[in-house]
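Please look over the structure below before reading on. The paragraphs that follow lead from the aromatic rings to the chain as a whole.

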Amino acid sequence: MNVAIVCEYNPFHFGHLHQIEQIKKRFPEANIVAIMSGNVVQRGEFSILDKLYKTKIALEYGIDCVIEIPSVFSLQSAENFSYYAIKIIDTIGCDYVSFGIETEIEDLISYKDFLLENEANIKQFIAKNKNTSYNKNVMEFSKQSYSGYSDEIFKSNNILALEYMKSLDKLQSKCKILPIKRINSEYNSSSIEGISYSASSIRTNLKLLEEFKDKIPSLTYEYLKHNSIQSNKKLLDILSYKLFVEKAELDDVTGYEKGLENLLSKALNENYDDFFENIKNKKYTQNRLKRLILNYILGVDKNFIDDIVNADIEAVRLLGFKKNFDLSTINKNCKIYSLNRDLSKLSDNYKELFEYDIKVSRLIYSTKKVNDFYDFPVIKK
């Protein structure tokens with residue numbers, strides 16, 4: 001039996017370990033397959049540790065196999081991110097998908113059914129309220145129309161859980177759900193008191209790493225101490241070049257809406273240092289705009305995303321596995337590829353999809369490091 005976890009491990013903390021332990025407690029003989037974001041995450045940022053170290057940590061603490069979510073899907077909305085991750089899980093044939101929740105699962109299932117039944121109505125509601133963010137529109141529509149409405153539903157883990165379950169229904173997947181109740185601190189908490197269970201808190205307080213090293217897994221501490229990736233300031237230089245020198249169009253970039261180039265240009269001109277604070281507003285969250293910027297820099301076309309998300313999954317990238325894990329149990333309906341040279345076996349669309357991962361690494365590392373990274377053998381433990 002294989003149980004999948006969709007994860008980012010940005011970075012891995014004791015809350016993640018709790019989820020793995022709960023799965024092992026329920027299914028002692030099961031293999032756990034991590035469907036993991038690589039070098040970029042859904043917040044529209046670089047992962048604080050690269051996928052090499054995240055894979056090593058995952059295998060050390062109970063994961064049996066790590067498969068990468070392509071970078072372009074880690075830079076999509078929660079809906080597209082979740083849908084592609086569940087498509088991977090469905091394609092490779094996992095028996096369960098486990099995810100964290102912050103309320104009772106029965107309440108989330110009921111609300112998920114409401115969302116699916118009202119998709120057309122929600123789209124109409126959003127079209128009438130174009131100056132409000134997507135999530136706030138959904139919340140307002142639900143307040144007006146859903147009898148079981150509660151603010152608790154919209155906690156971060158619950159939003160992803162809802163998207164996973166919606167995707168399972170849309171794909172008519174046979175994969176069952178295995179929800180795990182989140183413990184202790186909020187998902188987005190930056191408080192150092194809850195650092196054992198909050199990736200946001202670890203990232204926010206990284207300068208205090210020595211003070212809380214006993215509150216995070218030892219391997220996470222060791223890798224953060226020597227290998228953490230800092231926010232890449234050169235992204236704004238690249239953004240400035242593309243906007244003001246190349247004058248590259250945003251119209252076809254995934255996540256773009258008319259007028260966003262004016263918002264970005266104005267913020268760069270007015271206050272470069274506070275750019276990310278200046279660009280957010282009531283319609284566009286900072287995370288959404290960060291995703292747009294990286295998609296713009298990478299040149300990710302919205303039509304390309306539509307084509308990939310609607311097509312069958314052709315291949316997945318294997319990052320690592322335990323030596324006793326039988327890879328044939330996940331090699332159901334797609335290729336498993338590892339080294340860069342394997343790209344030659346793929347269709348043009350899937351070559352392009354995985355080449356974006358290489359572009360992301362080039363934004364972070366020197367060319368040599370990228371070449372070394374993309375030629376390393378799959379990690380085996």
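How many aromatic pairs does the count come to? By the rule that rings of Phe, Tyr and Trp (its six-membered ring) pair if their centres lie within 6.5 Å, the count comes to 17 aromatic pairs. This is a predicted model, in which local features need pLDDT of at least 70 and side-chain atom pairs count only at pLDDT 80 or more, while totals for chains, interfaces and linings use all residues. Residues are numbered from 1 along each chain as its sequence is written, and side-chain values use heavy atoms, with hydrogens and water left out.

A pair of aromatic rings is described by the distance of the centres and the angle of the planes. Planes under 30 degrees apart count as stacked, over 60 as edge-to-face and the rest as tilted. Phe 27 and Tyr 96 form a tilted pair, with 4.8 Å from centre to centre and 40° between the planes. This pair links distant parts of the chain, since Phe 27 lies in the loop between α1 (14-26) and β2 (31-37) and Tyr 96 in strand β6 (residues 96-101), 69 residues apart. Both Phe 27 and Tyr 96 are buried, where buried means under 20% relative accessible area, exposed over 50% and partly exposed in between, with a 1.4 Å probe and protein chains only.

Tyr 53 and Tyr 223 form another tilted pair, at 4.7 Å centre to centre and 45° between the planes. Here, too, distant parts of the chain are linked: Tyr 53 belongs to helix α2 (residues 51-60) and Tyr 223 to helix α10 (residues 218-227), 170 residues apart. Tyr 53 counts as buried because its relative accessibility is 16%, and Tyr 223 counts as buried because its relative accessibility is 15%. Elsewhere, one aromatic cluster is formed by Tyr 111, Phe 114, Phe 125, Phe 141, Tyr 146, Tyr 149 and Phe 154.

Asn 269, by contrast, is exposed, because its relative accessible area is 59%. Asn 269 is found in helix α12 (residues 260-270).

Turning to the whole chain, there are 17 helices and 10 strands, defined as DSSP runs (H or I, at least four residues, for helices; E, at least two, for strands) numbered from the N terminus. The radius of gyration, taken over C-alpha atoms, is 20 Å, close to the 21 Å that the globule rule (2.2 Å times the number of residues to the power 0.38) gives for 381 residues, so the chain is as compact as a globular protein of that length. Buried residues make up 55% of the 381 residues.
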